[in-house]
Amino acid sequence: MKIYINPEKSYWPQLCTRPAFDYASLEGLVAPILDNIKTDGDTALRKYAAQFDNVQLDALKVTTEEFNTAAAIVPTALKQAITQAAANIRLFHEAQKETILQIYTMPGVLCWRKSVGISNVGLYIPGGTAPLFSTLLMLGIPAQIAGCNNIILCTPSNAEGKINETILFTAELLGLKNVFKLGGVQAIGAMAYGTASVPKVSKIFGPGNQYVTAAKQMVNRQGTAIDMPAGPSELAVYADETAVPAFVASDLLSQAEHGIDSQVILVASSEKIVLAVQDEVNKQLYHLPRKEVAAIALTHSRYVVIESVYTAFDFLNEYAAEHLIIASDAALELSEKVINAGSIFLGHYSPESAGDYASGTNHTLPTNGYAKAYSGVSVDSFVKKITFQQLSKEGLAFIGNTIELMAEAEGLEAHRNAVAIRIKK
């Protein structure tokens, strides 16, 4: 990681650049797979499972017996941890439900808004070397709270046709029974178009590799909604003289181990802090099982020294991190300066991994600078907000002239007449 000392503002865009991948270049590979799934359905899904996952699938859907077998394998302590995390996540997200508030904008004109769950949603949970059962909690729980009637889960199996047992246990804990042994592009295509086995959904959620991301972007253009634009995971840390270098280093490494395209940035108030953290990073990296992955991620990560706290947070707002840790005794006060971030972690005892797993907040967050305009996943992500209005005769009489004048000024005579004909009667 290179050290930058009080960089000029003109250089900030370069410092804020993320590891780039040209998703457009993948479309030539992804499009034929999606087209094949749209045309051939389950036959195509089995073909691509054999091609990409080296598995021959007879049944695509997970059976009751497979759920039972998985539950018996997962250690009791891990089950208890997942159950505790689920309770915290549910408690936090339950509080996001909105009560219906009716407003009379004028006498006889009543308006309100109601949140209605998206009927059919699809969740994609990666398997592989890091099966993200925690992401299933982050997506499945708010979907249930929102009132989504049909929740479809796709996650890849191994070459023996078995899904990771912890993912299956988590699905059963949440009561999700429509689970399919599908990974990669074929999972996204199955949920977007629907097949004989896999129901079609209206919105797809969940992370994935560059092929999954490209597939989500493509089906989005074709009419299936997705959670948000996706990119590699990232973390920014602000550290001042009160920070604990070992803590900061552990946070940087916890994000770097996600993948070789992950990015971490340390913004510190002095070079002394950077050097202390750098030393701790080198010590801790050696002991990590995924040290090769983290080491590559660190090559395109950065240490930035910005002595002015105001300038530092201007830079952090420009970077708009997915995760932002404020490692300072004054973390709560400093957080008031943040306007762009996916999720913020305050003080010395709030590691980013707490939000990843069990504090209760959602870890599905905007990356690649999208935190300037996007929020993380919440109950709102799984609902449509429908507005209502009810006008009495008196209400229409009160507001009618306003509507008629505005419609006439826009040259929309039928709009004006829809009011005039009622008032005349």
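Exposed is used here for a relative accessible area over 50%, buried for one under 20%, and partly exposed for values in between. The model under discussion is predicted.

1. Salt bridges overall. The structure contains 14 salt bridges. The points that follow take up some of them, including the pair Glu66 and Lys181.

2. Glu66 and Lys181. These two residues form a salt bridge whose closest N and O atoms are 2.5 Å apart. Glu66 belongs to helix α4 (residues 64-73) and Lys181 to strand β6 (residues 179-181), so the contact ties together parts that are 115 residues apart in sequence. Glu66 is partly exposed, because its relative accessibility is 21%, and the cut-off for buried is under 20%. Lys181, at 8% relative accessibility, counts as buried.

3. Glu160 and Lys162. Here the closest N and O atoms of the salt bridge are 3.9 Å apart, and the criterion requires a separation within 4 Å. Glu160 has a relative accessibility of 62% and therefore counts as exposed. Lys162 is exposed as well, with a relative accessible area of 51%.

4. Asp227 and Lys216. The side chains of this pair meet in a salt bridge with an N to O distance of 2.9 Å. Asp227 is located in the loop between β8 (225-226) and β9 (234-239), whereas Lys216 is part of helix α9 (residues 210-221); the two residues are 11 residues apart, and the pair is one that links distant parts of the chain.

5. Asn54. Which backbone value deserves attention at Asn54? Its phi is positive, at about 55°, although the residue is not a glycine. Asn54 is placed in the loop between α3 (42-53) and α4. With 58% relative accessibility, Asn54 counts as exposed.

6. Ala320. Phi of Ala320 is also positive, near 55°, in a residue other than glycine. Ala320 sits in the loop between α13 (309-319) and β12 (323-327). The relative accessible area of Ala320 is 0%, so the residue is buried.

Definitions and conventions:
Residues numbered from 1 in each chain as written. Predicted model: local features only at pLDDT ≥ 70, side-chain atom pairs only at ≥ 80, totals over all residues. Heavy atoms only, no water. Helix = DSSP H or I, 4+ residues; strand = E, 2+ residues; numbered from the N terminus. Buried < 20%, exposed > 50% of the residue type's maximum accessible area, 1.4 Å probe, protein only.
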